[in-house]
Structures are given as C-alpha cells and as structure tokens.
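Please open the model in a viewer and keep the selection panel at hand.

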Amino acid sequence: MDGSSRREQLYEVFADRDRPVDDLVAEGFDIGREYLDLPIGFLTRIDDGTQTIVHAVGDHELIQPGESCPLDEAYCRRTVELDGHLAVHHATASEAVSETALRTFGLETYIGAKVLVDDEVYGTVCFADEERRGGAFETEETVFIEVFAKLVGQALERRAYEQELEQRNERLQREKARIEGIAETSFDILFQLGHDGEFTYVSPAVEDTLGYDADELVGAPFAQIITQPTLDDAFAAYADALEGEPAENLELDFVDSAGDRVVIEVNATPITDEGEVVGVQGVGRDVTAQKRRERELRLKTRAMDEADIGISIAEAGDEDNPLVYVNEGFERVTGYDAEDVLGRDCRFLQGEDTDPRRIATLREHIAAEEPVLVELINYRKDGTPFWSQVQVNPIEDETGEVTQFLGFQTDITERKRTEQLVQLLNRVLRHNLRNDMNALLGYGDLLRDDAIDATDLGSRIVTTAESLVHLTEQARELERYAQYHREPRRLDVAAVLDDVVGTQRERFPDASVALDVRTDRAVCAGVELEQALTELVENGLKHDPSASPAVRITVADDGDWVVCTVADEGPGIDEMEAEVISKGQESALEHGSGLGLWLVNWIVTRYGGSFQIDAVDDGTIATLRLPAIEADQSVDEVARSPTVLFR
C-alpha cells in the first residue's frame, strides 16, 4: 500500500471523534510501523528541557511510557528545532544525532516530527529501529510522519478543549446549584435584569431588606425603587453592564416599602449567551447600618485626630506593645510622624532625664493590665525634653481579654515650669531671707555693745538690706516675665545684642564689651531675650573686681541652632551655684543664691532653646542655644514648644 493510502487511513482513524485520543494514537502507530517497516513507535511530551515518553510500542526498554531523559540527550532534540521532520537512516554517520543519544538509546534508524498544541510544542511522534535502514527515507514517508504529527496535535487540542469544556460545565452546574442555594438563604439580594431594565428574577431576601414581595418585583423596572441622587449612577452602571463592563461596590439609595431610605451596595455583571449580552445579574447588600457606623467612626476619628492631646493605641504584647495608631495630636506633641512610630513601643520617647521610678510604675501597671497615670519627662524627635502626662488604659475584647492599650499624652511642660518657678521662688526667698535676717539680728545684737564700730555695722546692715531688696526685685521680675504671653517671633540677634552692648558700655564706661557675630540668620524667640542677654552681660561686668572688666560675646551657627556665648574674666561662678544650674535642681544642702540665672534659663527654654553655664580658669562662660530661622522660613515653621528647665 502506497503512502497516499496510508495517509488516508490516518485521516479516517482520526476523523472518529468519539474514540479516546489514546486509541487513535495507538492505531496510528500500528499503521506507521507497518508502512515504514520500523518496530518502535513513541509519542513524547517535552516540558522544561525534559523529554517524557507518553505512549510507546515496541520492545525497547528505555522507550516505555513514563521514562524520561534530558532533551539534550534525546534524538528529539534536533526534531523540535526543525520546521518539518527529522529522518536519519544511519545514525552513526549522521551529525543530527548526538553521541550521547546514540550511546544511550542505540537507534540507528529514526524518523520524527514535532507535535504542536495551540501553536506550542507539545512533544514529538517518532518511529525507530536499532538496525540501520537500507536507504534514505522517501518523500512520501516523511510526509506521512508530518501528517501523523499534525493529526496527533489536533486530537490533543480537541481533547484538551473537551476536557476544559466538561470541567467548565461541571463548574457551572456546581455554581448554579450553589447560587440557587444561596439565593434562597442569603441575606443579600440576588437579581437579574433584562434588556428593558425590568427585573426577571429577585431573590426572597428583598422582602427582609426592602419589604417587597420578590414575585411582585418581577417585571417591574429597577428605577422605580431607586431614588435620586443615585438613580443616574444606576442607569450608567446598567448601560455599562450591557456593554460588557461589570459594576463593583456601587452604592445606591433604594426606597423600601415604608418609604424609608436604604443604602444598597450593588455588584453587577453582564449575562452572556454565546458571547452576546442578554441581561444583567448581580447582588445587593444592605449597608445602611455599615454606612452609619462609618460616618460615626469618621466623626470619632476626626475628633481624635484634631484633639490637642496625643492619642495612641498599642497592641498588647509580652514585652513590646507596638503602636498601631497615633493621632495628629501625638504627632504635634512628639514631633514624630505616624510612619516613624507605628510598630514601635512608646519607650522610644524616653531619655536620660526620664525618671526610672516613674517608668517602673508605668510598666508595672501595664504588665498588670491596670490603668495608670504618670507625669514624666519625654523627648521629642528633635531631642528636646518636655513634661508629659501619660495616661494608659487597657482595652478588653468581648471575652474580657486585654488586646490593646489606649494612651493619652498631654504636654504639661508649661504647668510644670510654673510649678518649678513657684517652688524656686519660695525656696530661694525663704532660704536667703532666713540667712539675711539672721545676719541682721546678729548685727542688732552687736550694736548693743558700745565698743563696736557702729559705722561698720551700719554699712553691713545696709548691704544686707540692699541684697534683700535686690532679691525681691529679681523675684518680681522673674514672676512678671513668667506671666508674659508667649509670642515667638523673628529676632535679629545682632541688632538685639547691639542694643544690649550699647547700654552696658554706657553703664560701665571703663569696661570692655566685645561683640563677634558670625551668622546672618535670625533666631526664633520672644522679646524677653533682650533681658536674658542683658542679665548675662551685666553679671559679667558687675562681678568683675578689676578696674577694667571685660566681656566677650560670640554668636555662631550650629546646624538648626544659633549659639550665643557670653564669657567674662571675673572670679567665676560659685561652684555650688554652677552645680545647681548644671543639674537644674536644688537639694536640701545646695541652694542657688540668686534668681538672675534662673530668669535667663526661663526665657531661653520657653522658646525651645537651652542654657548652660560653665566655670573656667579665667572666668565664666554662659551658652545659649536658640532656634535659627532662615530668611525664607516662617515663624510657625521654626517655632518650638517650651522645654523643661535646664537640660
């Protein structure tokens, strides 16, 4: 039988679409083996560089279903690279077969063609023999193998399509059964609309949601139960669905049978029949209560965000309690943005001056899941300390388990500063008044003795009384400045110092006051700054016993700060006084004797700056750090909150 007849046999075999593909392939191999007079036939599957035998006939031990090898070691490697076929009648002498393939399989005769499924290489169909063929393959024989490969590919495509179709039908049947079950029991409304916008189906849930009988709505236009202002949106979505575009999460205002507004969230998709849109189907969910809760939540969230105090929520944990929410007030109080802190424990706000005893109290109550209220020093993002009132309350779920902690953080720096001021005034006035009055009493007793020089005692009494008067004047001045309204502004520090220096040169004509300004930036502070600088310069000149007292003032940039130093050549600050100022606090045995330096500190720290004083071998150096402000910056951009006294 010639090649043409053999091809006709193949066409007849593969024309039978009711037979399994494996049977068709098997019969095709029988025809081919007889026609080509080759004992081995096989179908391969090639995937990710591996060849696997899918179907095989013949006795070769390596060419059996399930056997696989790397494609590079197979005869078929060259076959899949060609557009047509590969035919080799003497493999040992052929360059088309690799030595590895020949050594592994030992096939001297081979003819094969690649199988395409959906225009992609599926594998190959091949015939082979371990014996050498008498001569080269004829054209009709190579045409036969190409026809066979093409028919196998078409059969595989058809089988894949039929399997997919069957699976899809099964899925559709399951989905239909599921939807029918859901429609009868779901709280959501399932519906279908025709081309005329009328309901063709409505699930029973519509009665509970809108009060309408489902059967009565069938045949009614959907527009009659949707109200403005969302009716236009409904028409637009319906028109888009008829054009094949689905609608997702569309919120529409429906009117129920009692005339009340009900918000329904609608999702809709087109209904197609053989590619043609024949209607619209979808599901509607009553979100009226949800929208009300969302509005309430937005109001509460807005109220929390706009609150002046810092509000935070942290997850309850074994050691760390990571933040999951902070409001805008928290950002304003601490200087941290939300993205800087979410996921972190709040202890990042603590620093070297945070009282460990108060931290221990805070942690003990949190560990015990108890409410707690403490006042402590925290630190802003820029490193400045502030007094914070921290209140933490545990939040329980419905089972009573603590799942979060609600925190409130209030900046109480102004109150604590005022408290410190009152304590300072009481302490210093009480201490100095007691000492000076004891001195006056002693001088009074001495006056009773006629042998005492009354002139000398009188001078001492006047000096002591003047010291008391000066102290009370300083106390009144400090109290007066503390009551000033805090008003940050742009100050030209060079101009302020020019006024201060000019005044002091007039008061101390024999003195030397040097001014060195190395910045052209202004500072952000209050007008009280002039009084603070006056106090420092005057102290340096007044307490220098030399005939020509000298003070050096230097102003320079330091990052975001302008640093002003006032250095004198006097006897230096008393060691105890310097220690009190350095620590920012007094003890039962250590008391500051004056209020001038406290006034300086009060003014500088009120605008977020800092003050430090140091005794050196040849005098005293006072250092003020003040927020710098560029020419293109506004006061609001630079203004800092008050910080704790002395840091």
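In which loop is Pro229 found? Select Pro229: this residue sits in the loop between α7 and α8, where helices (H or I, at least four residues) and strands (E, at least two) are DSSP runs numbered from the N terminus. The peptide bond that leads from Gln228 to Pro229 is cis, with omega near 15°.

Some conventions apply throughout. This is a predicted model, in which local features need pLDDT of at least 70 and side-chain atom pairs count only at pLDDT 80 or more, while totals for chains, interfaces and linings use all residues. Residues are numbered from 1 along each chain as its sequence is written, and side-chain values use heavy atoms, with hydrogens and water left out.

**Aromatic pairs**

A search of the whole structure finds 12 aromatic pairs; rings of Phe, Tyr and Trp (its six-membered ring) pair if their centres lie within 6.5 Å, and planes under 30 degrees apart count as stacked, over 60 as edge-to-face and the rest as tilted. Select Tyr75 and Phe105, an edge-to-face pair with 6.2 Å centre to centre and 75° between the planes. The pair links distant parts of the chain, 30 residues apart: Tyr75 belongs to the loop between β3 (68-70) and α3 (76-79), and Phe105 to helix α4 (residues 99-105). Both Tyr75 and Phe105 are buried, a class that means under 20% relative accessible area, with exposed over 50% and partly exposed in between (1.4 Å probe, protein chains only).

Next, select Phe222 and Tyr238, whose pair is tilted, at 5.3 Å centre to centre and 55° between the planes. Phe222 is in the loop between α7 (214-217) and α8 (231-242), Tyr238 is in helix α8, and the two are 16 residues apart. Phe222 counts as buried because its relative accessibility is 7%; Tyr238 is buried as well, at 12%.

Then select Phe14, Phe29, Tyr35, Phe127, Phe144 and Phe148 together, which form one aromatic cluster.

**Charged patches**

Which residues form a positive surface patch? Select Arg292, Arg293, Arg295, Arg298 and Arg302 to display it. Patches are made of residues with over 30% relative accessible area and no salt bridge, like charges being joined within 9 Å and nonpolar side chains (Val, Leu, Ile, Met, Phe, Trp, Tyr) within 5 Å. A salt bridge is a side-chain nitrogen of Lys or Arg within 4 Å of a carboxyl oxygen of Asp or Glu. Within this group, Arg298 lies in helix α9 (residues 288-306) and is partly exposed, with a relative accessible area of 48%.

For negative charge, select Asp16, Asp18, Glu162, Glu166 and Glu170, which gather in a surface patch. Glu170 is part of helix α5 (residues 139-185) and counts as partly exposed because its relative accessibility is 38%.

**Loop residues**

Select Asp119, in the loop between β5 (109-117) and β6 (120-129). Its phi is near 65°, a positive value in a residue other than glycine, and Asp119 is exposed, with a relative accessible area of 69%. Move to Glu369, in the loop between α12 (356-367) and β14 (372-379). Glu369 is not a glycine, yet has a positive phi of about 60°; its relative accessible area of 42% makes it partly exposed.

Is Ser203 buried or exposed? Ser203 counts as buried, at 0% relative accessibility, and is found in the loop between β8 (199-202) and α6 (205-210).

Methods: Accessible areas come from the Shrake-Rupley method with a 1.4 Å probe; for residues, only the protein chains shown count as cover. Lys and Arg count as positive and Asp and Glu as negative; His and the chain ends are not counted. The place of a charge is taken as NZ of Lys, CZ of Arg, CG of Asp or CD of Glu.
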